[in-house]
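Trainee: I have a new model to read. Please walk me through it.

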Amino acid sequence: MTLISRLNREGYVSNDTVVPTNSVSDSVHVIETVTLKELVEKTSTKYSKMNFMCSVKIKKVQTNDTWWYDCCPKCHEELNEFEGMFKCPNCKLTIPVTEKRYRIMIIVEDSTGVANVNFSNCVVKRLVGKSATNMVDELGEGVTKSSIPQLIMDVAEKDVTLNIAIRDDNVLINSTLYNATDAYPSKNPKPSSSESVQKFEDNTLSSCGDNVELAICDKTPGSVKSCNKKIKLVR
Ligand SMILES: [Zn+2]
């Protein structure tokens with residue numbers, strides 16, 4: 001499947017495409033593309049929960065943290081681990097088979113600056129082309145939450161366009177730690193990086209299907225509600 005047909009299936013709308021109006025809402029959510037410098041300057045509370053696109057290069061995967069967490073297959077809440085048992089704080093049940101989700105801190109940069117970005121499960125899944133549960137299964141017995149697999153380390157130097165959701169902390173305490181909720185191949189990669197971008201496209205899953213990280217956006221009308229929501233990139 002070509003990139004365009006895949007994007008179309010996911011609801012991506014390019015600047016020159018007529019927007020189909022068969023969705024519940026006829027409006028297309030226009031997400032502004034900003035530089036990292038402009039992103040950091042969005043400290044007014046009016047930007048809280050808003051989404052912005054940033055085209056960046058992945059510089060470094062932070063290795064001093066865990067790369068996945070266990071969550072409840074039913075409510076997707078992060079589970080508490082005690083003596084090898086997992087308990088859902090929400091459902092109050094012991095969970096024998098957990099769902100694993102990526103959560104990785106990454107340093108990204110563009111020509112205007114550098115930022116720390118928490119790559120959500122959806123973003124990492126797109127980049128590496130498989131779910132955290134599958135990754136853990138494939139790595140087998142010796143896998144630990146602290147040893148980041150090579151497939152994830154290999155995302156360094158990739159060009160990617162991130163959907164960044166402004167957190168309360170970004171505007172309330174001027175935190176420069178951001179949350180990326182989705183990722184797209186960069187449209188205008190530098191020639192030297194075309195190979196890595198191509199690889200990203202090949203690895204990309206057709207649809208992310210997650211909505212837990214994005215649930216925070218649901219409180220604000222006009223924000224991105226899921227990975228499959230119609231998005232119009234503005235450049
Ligand atoms: Zn639960």
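Trainee: Which residues touch the most other members of the largest nonpolar core?

Mentor: A nonpolar core is a set of buried Ala, Val, Leu, Ile, Met, Phe, Trp, Tyr and Cys residues joined through C-beta atoms within 7 Å. Buried means that 20 or more other C-beta atoms lie within 10 Å of a residue's own; exposed means 12 or fewer, and partly exposed is in between, with C-beta atoms placed from the backbone. Here the largest core has 34 residues, and Val117, Val123, Val124, Leu162 and Ala180 touch the most other members. Elements that each supply at least two residues include helix H2 (36-40), strand S3 (51-61), H3 and S11. H3 gives the largest share, five residues.

Mentor: A caution on the source. This is a predicted model: local features need pLDDT of at least 70, side-chain atom pairs count only at pLDDT 80 or more, and totals for chains, interfaces and linings use all residues. Residues are numbered from 1 along each chain as its sequence is written.

Trainee: How many helices and strands does the protein have?

Mentor: Helices (H or I, at least four residues) and strands (E, at least two) are DSSP runs, numbered from the N terminus. The protein has seven helices and twelve strands.

Trainee: Why is helix H3 largely enclosed by the rest of the structure?

Mentor: Eight of the eight residues of H3 (residues 121-128) are buried, so the helix is largely enclosed. Among them are Asn121, Lys125 and Arg126. Gly129 follows H3, with a positive phi near 80 degrees.

Trainee: What does Val124 touch?

Mentor: Two residues are in contact if their C-beta atoms, placed from the backbone, lie within 7 Å. Not counting residues up to four places away in sequence, Val124 touches Tyr102, Ile104, Phe119 and Ile152.

Trainee: Which strands do bridges join to S11?

Mentor: Two strands pair if DSSP finds at least two bridges between them. Strand S9 (residues 113-119) runs parallel to S11, with four bridges. Strand S10 (residues 159-165) runs antiparallel to S11, with six bridges. Asn118 stands opposite Asn179, and Leu162 has Ala183 as its bridge partner. Seven of the nine residues of S11 (residues 177-185) are buried, so this strand is also largely enclosed by the rest of the structure.

Trainee: Where is pLDDT below 50?

Mentor: pLDDT is the predictor's confidence in each residue, from 0 to 100. Its mean here is 79, and 67% of residues reach 70 or more. Over residues 189-199 it is below 50. It also stays under 50 over residues 201-207. Where pLDDT is low, the predicted coordinates should not be read in detail.
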